[in-house]
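The structure is shown first, and my entries follow.

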Amino acid sequence: MDKIAVVILNWNGCETLRTFLPSVVRYSGEDGAVVYVADNGSGDSSVRMLREEFPSVRVILLERNYGFADGYNHALRRLEAEYVVLLNSDVEVTEHWLRPLTDYMDAHPEVAGCQPKLRSWREKTRFEYAGAAGGYIDHYGYPFCRGRLMGIVEQDKGQYDTVVPVFWATGAALFIRLKDYWEAGGLDGRFFAHMEEIDLCWRLRSRGRMLVCVPQSVVYHVGGATLKQESPHKTFLNFRNNLLMLYKNLPEKELTGVMRVRTILDYVASLSFLVKGQWANAVSVWKARREFKRMRPLYVKTRKENQDKMSNVAIPERTTYSLLYRFYFCRKKYFSNLSD
């Protein structure tokens, strides 16, 4: 059994792998990790390139494109390890990046998973949008990070260099005990992509397991390499999956109230897209809500299971306030003054 398995999911990303895999191979092997690439049924030359240029990397061949969420589920069923790292293909890692993560996890058995500090690959002094220095979520399901609120991403000046509990650890570089991954049910394959790691982390936190950011480990993430930031399909997945996540995980006493407010906020978001001339994104919000209503009956059993296994209703890293209100009306633009 591997101590650490670093698993990169690939779909038609030959050139991305060629660019970023060298750092992963170089700086993961030195800390005893085994590097895997799980290929999601690529139609390009990814697999041939891996076998010719990276013979030390173990290749897991999946029959088709299962998406990010179920792709990882299928890949992780084929290996045995104490810890796995779900690492995006567009991440550049640094020397001994795994050591602080492993040391912390070895010393804290109550912690199910953690993440390194994510900086932007394009602007390496700035945090990266997808995970920054650890993720949180507001009362109505809007995720944010130490170092990133909405679209504002901070410079990394060491202001978030402490190890802290978080609500969610980014799927771009998620270091997790494989036992915890499976006991919580793994990633929800029905999500396909986006929000799936937050959903998994919510299940873990509600069952009493901890998540942290260990900023002594630093990686650089390109971000947006799979779907562009303004992609209508990404908008659809984000809104649909966020609603599914809320339905799955909200405590019973909050469900009706939160979902009513989200209906209003989603239509405000759609109107905002229309004002900006982003018609396709506006339509994607409507489609997401319609698809959520169609899929909701399929999640009744899942919701009951989550409620039955919930041992931690009040999760400190899930705020009681609205991020949108504090950001837009109270002008709180940085994590450090969000709760002032």
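**Entry 1. Basis of the values.** I record that this is a predicted model, in which local features need pLDDT of at least 70 and side-chain atom pairs count only at pLDDT 80 or more, while totals for chains, interfaces and linings use all residues. Residues are numbered from 1 along each chain as its sequence is written, and side-chain values use heavy atoms, with hydrogens and water left out.

**Entry 2. Aromatic pairs.** I found 13 aromatic pairs in the structure. Rings of Phe, Tyr and Trp (its six-membered ring) pair if their centres lie within 6.5 Å; planes under 30 degrees apart are stacked, those over 60 are edge-to-face, and the rest are tilted. One of the pairs is Phe68 with Tyr72, which is edge-to-face, with 5.0 Å centre to centre and 70° between the planes. Both residues lie in helix 3 (residues 67–76), 4 residues apart, about one turn of the helix. I note that helices (H or I, at least four residues) and strands (E, at least two) are DSSP runs, numbered from the N terminus. Tyr72 is buried, at a relative accessible area of 0%. For burial I used these limits: buried under 20% relative accessible area, exposed over 50%, partly exposed in between, with a 1.4 Å probe and protein chains only.

I then turned to Tyr325 and Phe329, an aromatic pair that is stacked, with 5.6 Å centre to centre and 25° between the planes. Tyr325 and Phe329 both belong to helix 11 (residues 323–329) and are 4 residues apart, about one turn of the helix. Phe329 is exposed, with a relative accessible area of 66%. I also recorded one aromatic cluster, formed by Phe127, Tyr136, Phe144, Tyr160 and Phe335.

Entry 3. How many of the 10 residues of helix 3 are buried? I found 7 of the 10 buried, so helix 3 is largely enclosed by the rest of the structure. The buried residues are Gly67, Ala69, Gly71, Tyr72, Asn73, Ala75 and Leu76. What covers them includes strand 1 (2–10), strand 2 (34–40), strand 3 (58–62), strand 4 (81–87), helix 5 (178–183) and helix 6 (196–206).

I checked Gly67 of helix 3, which counts as buried at 3% relative accessibility. Leaving aside neighbours within four places in sequence, Gly67 is in contact (heavy atoms within 4.5 Å) with Leu9, Asn40 and Phe192. Gly67 and Gly189 are 122 residues apart in sequence, yet their C-alpha atoms are 7.6 Å apart in space.

In the loop between helix 3 and strand 4 I looked up Glu80, which is exposed at 57% relative accessibility. Beyond neighbours within four places in sequence, Glu80 is in contact with Met1 and Asp2.

**Entry 4. Loop between helix 5 and helix 6.** Most residues other than glycine have a negative phi. Phe192, in this loop, has a positive phi near 70° and is partly exposed at 34% relative accessibility. Met195 is placed in the loop between helix 5 and helix 6 as well; its phi is positive, near 75°, and Met195 is buried, at 13% relative accessible area.

**Entry 5. Ile198.** I placed Ile198 in helix 6 and found this residue buried, with a relative accessible area of 4%. Apart from neighbours within four places in sequence, Ile198 is in contact with Ile137, Pro143, Phe167, Trp168 and Met245.

**Entry 6. Packing of helix 7 and helix 9.** Helix 7 (residues 232–249) and helix 9 (residues 279–295) pack at an angle of about 35°, with their axes 8 Å apart. The axes are lines fitted to C-alpha atoms over the stretch in contact, and angles run from 0 to 180 degrees between N-to-C directions. By class, I noted 11 nonpolar, 3 polar and 4 charged residues in the contact of helix 7 with helix 9. Ala, Val, Leu, Ile, Met, Phe, Trp, Tyr, Cys and Pro count as nonpolar, Asp, Glu, Lys and Arg as charged, and the others, Gly among them, as polar.
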